[in-house]
Amino acid sequence: GHLLLYPASSLHRVEPVTRGERLACFFWVQSMIRDDGARRILFDLDTAVRQVAAAQGHDARPVIELTGVYHNLLRRWAEA
């Protein structure tokens, strides 16, 4: 089987089944961060934090400080 995830705003289509059967399950996930730009910033920051942690270790001071910044932004931008 396969799993496909995409934003609800993206255009897509489903081709007809020509043999076998299609089993489908639909669900929706809502982000805590409504703004696309803010989500992108958090994603980029998280990627950078992981890279620094891999290079310097998870207990390195820059990793701890950047993780704090990430969580502060998450709290600021999250939908209450």
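Colleague: What should I know about the numbering and the model before I start?

Modeller: Residues are numbered from 1 along each chain as its sequence is written, and side-chain values use heavy atoms, with hydrogens and water left out. The model is predicted: local features need pLDDT of at least 70 and side-chain atom pairs count only at pLDDT 80 or more, while totals for chains, interfaces and linings use all residues.

Colleague: Why is Asp-36 said to form a salt bridge with Arg-39?

Modeller: A salt bridge is a side-chain nitrogen of Lys or Arg within 4 Å of a carboxyl oxygen of Asp or Glu. The closest N and O atoms of Asp-36 and Arg-39 are 2.1 Å apart, so the pair meets that definition. The structure holds six salt bridges.

Colleague: Where do Asp-36 and Arg-39 lie?

Modeller: Both are in helix 1, three residues apart, which is about one turn of the helix. Helices are DSSP runs (H or I, at least four residues), and strands are likewise DSSP runs (E, at least two), numbered from the N terminus. Helix 1 covers 36-56.

Colleague: Why is Asp-36 called exposed, and why is Arg-39 called partly exposed?

Modeller: Buried means under 20% relative accessible area, exposed over 50%, and partly exposed in between (1.4 Å probe, protein chains only). Asp-36 has 53% relative accessibility, so Asp-36 counts as exposed. Arg-39 has 31%, so Arg-39 counts as partly exposed.

Colleague: What makes Arg-50 and Asp-46 a salt bridge?

Modeller: Their closest N and O atoms are 2.9 Å apart. The two residues lie four apart in helix 1, about one turn of the helix. Arg-50 is exposed because its relative accessibility is 58%, and Asp-46 is partly exposed because its value is 22%.

Colleague: What makes the nonpolar patch on the surface a patch?

Modeller: Patches are made of residues with over 30% relative accessible area and no salt bridge; like charges are joined within 9 Å, and nonpolar side chains (Val, Leu, Ile, Met, Phe, Trp, Tyr) within 5 Å. Here the members are Leu-3, Leu-5, Phe-26, Phe-27, Trp-28 and Val-29, with about 860 Å² of accessible area together. Accessible areas come from the Shrake-Rupley method with a 1.4 Å probe, and for residues only the protein chains shown count as cover.

Colleague: How do you know that Val-29 is exposed?

Modeller: Its relative accessible area is 70%, so Val-29 is exposed. Val-29 is found in the segment before helix 1.

Colleague: What lines the largest pocket?

Modeller: There are 27 lining residues, of which Leu-4, Leu-5, Tyr-6, Pro-7 and Phe-27 lie nearest the centre of the pocket. On a 1 Å grid over the protein atoms alone, a pocket is an open set of points where a 1.4 Å probe fits, with protein on both sides within 12 Å along at least five of seven lines; lining residues have an atom within 4 Å of a point. The lining divides into 15 nonpolar, six polar and six charged residues. The volume of the largest pocket is about 1300 Å³, being the space filled by probe spheres set on the points.

Colleague: Where does Arg-34 lie, and how far is Arg-34 from Glu-79?

Modeller: Arg-34 is in the segment before helix 1. Arg-34 and Glu-79 are 45 residues apart in sequence and 7.1 Å apart in space, C-alpha to C-alpha. Arg-34 is exposed because its relative accessible area is 60%.

Terms used:
Ala, Val, Leu, Ile, Met, Phe, Trp, Tyr, Cys and Pro count as nonpolar, Asp, Glu, Lys and Arg as charged, and the others, Gly among them, as polar.
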